[in-house]
Amino acid sequence: MFAVPPELIDTPHEHDPVMLREVVASAGVEAGAVVVDGTFGRGGYARGILKEQPDCRYIGLDRDPAAVEYGKALAEELSGLEIHHAAFSDMETVVTALGLESVDVIVLDLGVSSPQIDQADRGFSFGKDGPLDMRMDTSRGQSAADVVNAMPEGDLADVIYKYGEERRSRAVAKAIVLAREEAPIETTGRLADIVRSVVRRAKDGIDPATRTFQGLRIHVNDELGELERGLDAAERLLAPGGRLVIVTFHSLEDRIVKAFLKARSSKQAEAGRLLPWEEESTPTQAPTFTLINKKPLEAQKDECRANPRARSAKLRAATRTTTAA
C-alpha cells in the first residue's frame, strides 16, 4: 500500500488520471526504458506505467511544489520513480544533469490537476472562494491578483480574449479596472462576481467567469509558451524510436500540439523558390516524427461518465525518427 503524509492526502477521485489506458498503450514502455513525465501531478500516469512496466526509470517533473512533495513520498513506494522540481520545458537541463543524453518516452498531461482546481487556496477555481493566485509554482512569478490589479485595461482585455477566448473581454477588463479602483481584487469569488456582472450565462450552462479565469491562468503560468518550449525540447531529447504522448484539454494548446506534429511528420522542401530543373535535386527536410494516430484519441464513454473532466481531453502521440532535430 502507498502511504503519504496526512497533509498530502486528497479526496479519492482526485488521483484519477485522464485517459490512463490510452496513455499506457500509446507510450508502449519497454523494459529498461527511460520515461520523462513532464507533468507529474499526483502520479496517476506513473502508477499506471510502472504497474505495466516496473523495469523502467521514471523521471517525474512538476513545477508545483505540492506535487513534488507528493511525488517524493510516492517515490519511496514505487521503485524506479524519481521526482524533480522543474517545468517540463526544462526537461533537457534535468535529464542532462542526470548524465543522460536521450530518453525513450515523454508524457505530458496539459490539464490543471484536480487538487489544484479543488483546493481553494490555490485560486484556480471560482467554485470555492479563495486567494486569487493561479500560479502552478507558488514560489515565483506574478499571481492572478497581481495581474488584475496592475495590468492596463487594454492589455488585460487582450489576455482575456486571446487566452480565454472571451468575446466580452473588453467589457470584462473595464469592469475589473472600475472594481479595483474601489478596492484591490484579492479573491476568486470577487473576480467571478465582477465578470458575471457583464457576461451572461451561455446556453451551454458554462459559468460566465470560466473563460476569464482560463485566460488569466494561461497568462500567469505562460502555459502556451511553456508548451512550445517543451515540444522543442522533447524533439531534441527523444531517442530514435522514442515516443511522445500528449493529452490536451482545450483548443488553444491542442492547436499548438497538432501544428507541431503535423509540421514535424511531413516532408518539407527547403525554403526558397526553385526553378523546375532544380526541384528534383533539392534535398528535403526529413520528418522528425511519425504519427501513431492520424486523429487524436478521445476518452471513452465509461471514463467520461465517471470523470466529466475527461470529456474535453484529446491524446496525440508520435514516434521519433532518426532525423536530427
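## Helix 8 against helix 9

V172, A175, I176 and A179 of helix 8 meet R190, L191, I194 and V195 of helix 9. By class, this contact of helix 8 with helix 9 has seven nonpolar residues, one charged residue and no polar ones. The model is predicted.

Helix 9 covers residues 188-196. Its axis lies 9 Å from that of helix 8, and the two helices pack at an angle of about 130°. Angles of 65 to 115 degrees count as roughly perpendicular and those over 145 as roughly antiparallel. The crossing of helix 8 past helix 9 is right-handed.

## Helix 7 against helix 8

Helix 8 also packs with helix 7. Helix 7 spans residues 153-164, and helix 8 spans residues 169-182. Here the angle is about 135°, and the axes are 8 Å apart. That makes helix 7 oblique to helix 8. Helix 7 passes helix 8 in a crossing that is right-handed.

On the helix 7 side, the contact is made by E153, L156, A157, I160 and Y161. Helix 8 supplies S169, R170, V172, A173, K174, I176, V177 and R180. The residues of this contact divide into eight nonpolar, four charged and one polar.

V172 and I176 of helix 8 take part in the contact with helix 7. V172 and I176 also meet helix 9.

## The nonpolar cores

The largest nonpolar core holds 58 residues, and I106, I176 and L244 touch the most other members. Helix 11, residues 223-237, gives the most to this core, with six residues.

What does L244 contact, leaving aside its neighbours within four places in sequence? The partners are I106, L231, A234, L238, L261, F289, R316, A317 and A318. I106, like L244, is one of the residues that touch the most other members of the core.

Another core lies apart from the largest one. This other core has 30 residues, among them M19, C56, L81 and V107.

## The chain as a whole

The protein chain has 325 residues, and 50% of them count as buried. The chain contains 14 helices and 10 strands. Among contacts with a separation of 6 or more, residues 24 or more positions apart account for 69%.

Note on methods
Residues are numbered from 1 along each chain as its sequence is written. This is a predicted model: local features need pLDDT of at least 70, side-chain atom pairs count only at pLDDT 80 or more; totals for chains, interfaces and linings use all residues. Side-chain values use heavy atoms; hydrogens and water are left out. Axes are lines fitted to C-alpha atoms, for helices over the stretch in contact, and angles run from 0 to 180 degrees between N-to-C directions. Helices (H or I, at least four residues) and strands (E, at least two) are DSSP runs, numbered from the N terminus. Angles under 35 degrees count as roughly parallel, over 145 as roughly antiparallel, 65 to 115 as roughly perpendicular and the rest as oblique. A crossing is left-handed if the near helix is turned anticlockwise from the far one by less than a right angle, and right-handed if clockwise. Contact means heavy atoms within 4.5 Å. Ala, Val, Leu, Ile, Met, Phe, Trp, Tyr, Cys and Pro count as nonpolar, Asp, Glu, Lys and Arg as charged, and the others, Gly among them, as polar. A nonpolar core is a set of buried Ala, Val, Leu, Ile, Met, Phe, Trp, Tyr and Cys residues joined through side-chain atoms within 4.5 Å. Buried means under 20% relative accessible area, exposed over 50%, partly exposed in between (1.4 Å probe, protein chains only).
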